[in-house]
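Good morning, colleagues. Please bring the sequence and the structure up on your screens. I shall then go through the fold and the contact between the chains.

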2 protein chains.
Amino acid sequence: MSSFSFEDLTTEDVDAAEALWGGLTDDVRRLLDLTIRSRVGPEQVARARAMLQEAADLLAEDAPAEPAGVHYNAHGRSWNWGNTVVGVRNAFAPPVRLAWGDDDVVRSAVTLGAPYEGPPGSVHGGVSALLLDHLMGETASAAHTRLTVTGTLTLRYVRPLPLGPVRMEARVSEESGRKVTVTATIRPDVVDAEPAVEATGLFIIPRWAYQPDPDTGPTGIGSLD
Amino acid sequence: MSSFSFEDLTTEDVDAAEALWGGLTDDVRRLLDLTIRSRVGPEQVARARAMLQEAADLLAEDAPAEPAGVHYNAHGRSWNWGNTVVGVRNAFAPPVRLAWGDDDVVRSAVTLGAPYEGPPGSVHGGVSALLLDHLMGETASAAHTRLTVTGTLTLRYVRPLPLGPVRMEARVSEESGRKVTVTATIRPDVVDAEPAVEATGLFIIPRWAYQPDPDTGPTGIGSLD
């Protein structure tokens with residue numbers, strides 16, 4: 001099984017690993033996109049496949065079966081390299097990076113190309129749900145100062161979202177005991193754009209985490225998305 | 001821009017293209033997974049990267065900028081190769097395949113590995129939303145006999161969904177005029193498993209498509225997801 005575990009690594013070690021694997025991930029991300037868009041002939045596809053298979057065999061020489069999990073070190077650094085939305089080693093992840101504003105709004109801007117398509121030329125409605133779910137979970141966790149889990153998520157699809165640059169915003173709209181309500185939007189990243197999808201989520205602070213005992217669990221981990 | 005267009009291809013041509021590009025997509029899917037799980041050293045990563053870059057350059061020799069779009073031929077075959085959930089040329093797509101049951105339940109079973117991780121060892125909550133959104137949209141479209149768009153989608157997260165084999169079910173629970181309500185679940189694909197996520201979606205048949213004129217648009221296309 002995958003784990004949520006302490007790793008005896010310096011933050012510099014983690015940075016170096018992210019640079020190494022992040023480069024490989026960029027290459028795979030480019031391939032994910034080109035596999036959809038390319039129109040080369042069968043011979044070129046066959047040559048490309050031979051190279052990809054050789055590269056994959058090389059990577060498979062030491063590849064434990066388990067997924068990446070979430071890890072943290074003694075210096076407050078945590079990393080979830082496989083995460084579908086933010087994972088540094090996940091080539092599908094755009095990847096999303098969050099900016100915590102002074103105005104309590106959490107923002108993110110990404111560019112979504114061919115791999116994120118649903119209706120022709122538009123972002124798949126489920127991709128908007130995926131990205132907003134993650135952004136809202138992180139928002140509920142208040143910059144990783146508490147742990148939350150998703151209770152319910154409601155999405156209202158207002159208009160199509162064209163592929164290309166998009167931006168998201170989320171904020172905590174209400175808090176009551178262990179319940180945190182977050183609202184969010186995603187829209188084209190152009191001036192005066194209206195939201196394409198509006199979302200409301202109810203996030204829960206687990207009972208065991210509501211009055212955390214520093215001796216029984218890691219802190220600073222944030223949303224379990 | 002991407003398009004929703006007629007292509008003058010035989011169904012055999014489409015099948016042959018799907019076999020060619022589907023093979024490449026399988027290779028990229030394996031790389032997406034291995035990039036997360038591999039623990040080989042920096043030299044092997046560098047060698048793998050050189051191969052991937054050479055393969056990508058080859059595919060980029062003829063790669064128009066636009067995404068895949070959705071296409072159909074004169075024989076009722078349609079294809080959306082880039083689609084995030086079902087696209088034959090999208091290495092992130094598990095891919096999902098739907099089975100339309102005699103009992104009006106639409107089912108799908110897939111295995112979700114490292115690229116779909118959120119909490120350690122579990123499927124990302126947003127991935128469940130992505131897959132259910134697509135399944136429900138296709139269900140609302142009644143096996144591609146009408147066109148629907150997503151109005152609202154509500155997801156209730158009941159319990160964690162472990163990575164591994166999962167199964168989904170969806171059915172139309174209510175219809176009224178242009179409104180179609182669909183309910184769905186996702187759960188581990190094991191005996192007696194309880195749902196991890198329960199979803200309800202309201203799908204809309206666009207006004208222009210409610211009484212379709214066969215001369216003004218393609219038929220048999222289904223959900224715009």
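What percentage of the 225 residues in chain A do buried residues make up? The figure is 46%, where buried denotes 20 or more other C-beta atoms within 10 Å of the residue's own, exposed 12 or fewer, and partly exposed anything in between, with C-beta atoms placed from the backbone.

A word on conventions. This is a predicted model, in which local features need pLDDT of at least 70 and side-chain atom pairs count only at pLDDT 80 or more, whereas totals for chains, interfaces and linings use all residues. Residues are numbered from 1 along each chain as its sequence is written, while chains are lettered from A and ligands numbered from 1 in the order in which they are written.

Let me begin with chain A. Chain A contains 4 helices and 9 strands; helices here are DSSP runs of H or I with at least four residues, strands are runs of E with at least two, and both are numbered from the N terminus. Reading from the N terminus, the order of elements is β-α-α-β-β-β-β-α-β-β-β-β-α. The C-alpha trace of chain A spans about 60 × 45 × 30 Å along its principal axes. Two residues are in contact if their C-beta atoms, placed from the backbone, lie within 7 Å. Of the contacts in chain A between residues at least 6 apart in sequence, 65% join residues at least 24 apart.

A:V85 sits in the loop between β3 (78-79) and β4 (99-100) of chain A. Is A:V85 buried or exposed? It counts as buried, because A:V85 has 27 C-beta neighbours inside 10 Å. Beyond its neighbours within four places in sequence, A:V85 is in contact with A:A93, A:V96, A:L130, A:L131, A:H134, B:H124 and B:G126. A:V85 and A:D133 are 48 residues apart along the chain, and their C-alpha atoms are separated by 9.6 Å.

The second example is A:A17, which belongs to helix α1 of chain A. A:A17 is partly exposed, because 16 other C-beta atoms lie within 10 Å. From A:A17 to A:V88 is 71 residues in sequence and 9.9 Å in space, C-alpha to C-alpha.

I turn now to the contact between the chains. Chain B contributes 81 residues to the contact, and chain A contributes 81 residues. On the side of chain B that touches chain A, the elements giving two or more residues are α1, α2 (42-59), α3 (125-140) and β6 (149-157) of chain B. Among these, α2(B) gives the most, with 14 residues. By class, that side of chain B divides into 43 nonpolar, 24 polar and 14 charged residues; Ala, Val, Leu, Ile, Met, Phe, Trp, Tyr, Cys and Pro count as nonpolar, Asp, Glu, Lys and Arg as charged, and the others, Gly among them, as polar.

How do the two α1 helices cross? The axes of α1 (residues 11-37) of chain A and α1 (residues 11-37) of chain B come within 10 Å and cross at roughly 155 degrees. Axes are lines fitted to C-alpha atoms, for helices over the stretch in contact, and angles between N-to-C directions run from 0 to 180 degrees. α1(A) and α1(B) are therefore roughly antiparallel to each other, a term for angles over 145 degrees, with under 35 being roughly parallel, 65 to 115 roughly perpendicular and the rest oblique. A:L24, A:T25, A:V28, A:L31, A:L32 and A:T35 in α1(A) meet B:L24, B:T25, B:V28, B:L31, B:L32 and B:T35 in α1(B). This helix contact has 8 nonpolar, 4 polar and no charged residues.

Strands also join the chains. Strand β6 (residues 149-157) of chain A runs antiparallel to β6(B), and 5 bridges join them; strands pair if DSSP finds at least two bridges between them. In this pairing, A:L153 stands opposite B:L155.

Within chain B, β6(B) pairs with β9(B) in the antiparallel sense over 8 bridges, and B:T150 stands opposite B:F203. Strand β8 (residues 179-188) of chain B is likewise joined to β9(B) by 8 bridges and runs antiparallel to it; the bridge partner of B:T181 is B:L202.
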